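Please consult the sequence and the model while reading.

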Amino acid sequence: AETGSLDLYLLAFRVPGVPAARLAPAILDTWLLAGSSGVTTSTVTLGGKELTAVDYGDEGSASYVYASGEAVVVIETSDKALAGEVAALLP
């Protein structure tokens, strides 16, 4: 039965006065564990924007990180097309 739910988590981070380019590595390394064993990162273009994809190698959800201005947005989903649709809506 349809539940009306999406395979999607969307989180945004901002620290006043800290540029996203400086904040994103901290989020990638500490919260998303991008440097851990078995975790790979790559640069992808989704929705016309450049994001960092974090793949945990488990066939589950991936994280897509978009940094712009002072905000870092994390899109978590196993549906890459959905991640692209969301990325296209970001400023």
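In which helix is Trp31 found? Trp31 belongs to helix H1, which covers residues 20-31. The structure discussed here is a predicted model.

## Overall architecture

The chain contains two helices and five strands. Read from the N terminus, these elements follow the order β-α-β-β-β-β-α.

The C-alpha trace extends over about 45 × 30 × 20 Å along its principal axes. The radius of gyration is 13 Å, which agrees with the value near 12 Å that a compact globule of 91 residues would have. Buried residues account for 35% of the 91 residues. Of the contacts with a separation of 6 or more, 49% are between residues 24 or more positions apart. The chain exposes about 5,500 Å², and carbon and sulfur atoms supply 54% of this area.

In soluble globular proteins, nonpolar side chains tend to be buried together. The largest nonpolar core of this model has 14 residues, of which Val44, Leu46, Leu51, Tyr64 and Ile75 touch the most other members. Two or more residues come from each of E2, E3, E4, strand E5 (71-77) and helix H2 (80-89). Helix H2 gives the most to this core, with four residues. Apart from this core lies another, of 13 residues, which includes Leu23, Ala34, Val39 and Val65.

When residues up to four places away in sequence are not counted, Leu51 touches Ser42, Thr43, Val44, Leu46, Tyr64, Val65, Tyr66, Ile75 and Ala87.

Tyr64 lies in strand E4. Its relative accessibility is 6%, so Tyr64 counts as buried, the limit for that class being under 20%. Leaving aside neighbours within four places in sequence, Tyr64 is in contact with Val44, Leu46, Leu51, Thr52, Ala53, Val73, Val74, Ile75, Thr77, Lys80 and Ala83.

With a relative accessible area of 2%, Ser63 is buried. Again leaving aside neighbours within four places in sequence, the contacts of Ser63 are Leu32, Thr52, Ala53, Val54, Tyr56, Val74, Ile75 and Glu76.

## Surface patch

Where does Trp31 take part in a nonpolar patch? Together with Tyr9 and Leu11, Trp31 forms such a patch on the surface, and the three residues have about 330 Å² of accessible area together. Trp31 itself is partly exposed, with a relative accessible area of 41%.

## Salt bridge

Side chains of opposite charge can pair when their charged atoms come close. How many salt bridges does a search of the whole structure find? The search finds one. Arg14 forms a salt bridge with Glu70, and the closest N and O atoms are 3.2 Å apart. Arg14 lies in strand E1 (residues 9-14) and Glu70 in the loop between E4 and E5, so the pair ties together parts that are 56 residues apart in sequence.

The accessibility of each partner has also been computed. Arg14 is exposed, with a relative accessible area of 54%, whereas Glu70 is partly exposed, at 31%.

## Positive phi angles in loops

Most residues other than glycine have a negative phi. Leu33 is placed in the loop between H1 and strand E2 (40-46). Its relative accessibility of 44% makes Leu33 partly exposed.

Glu59 also has a positive phi, near 65°. This residue lies in the loop between strand E3 (49-55) and strand E4 (62-68). Glu59 is exposed, with a relative accessible area of 79%.

Methods:
Residues numbered from 1 in each chain as written. Predicted model: local features only at pLDDT ≥ 70, side-chain atom pairs only at ≥ 80, totals over all residues. Heavy atoms only, no water. Patch = residues over 30% accessible without salt bridge, like charges linked within 9 Å, V, L, I, M, F, W, Y side chains within 5 Å. Areas by Shrake-Rupley, 256 points an atom, 1.4 Å probe, with all protein chains shown as cover. Salt bridge = Lys/Arg side-chain N within 4 Å of Asp/Glu carboxyl O. Buried < 20%, exposed > 50% of the residue type's maximum accessible area, 1.4 Å probe, protein only. Rg over C-alpha atoms; globule rule 2.2 N^0.38 Å. Contact = heavy atoms within 4.5 Å. Core = buried A, V, L, I, M, F, W, Y, C linked by side-chain atoms within 4.5 Å.
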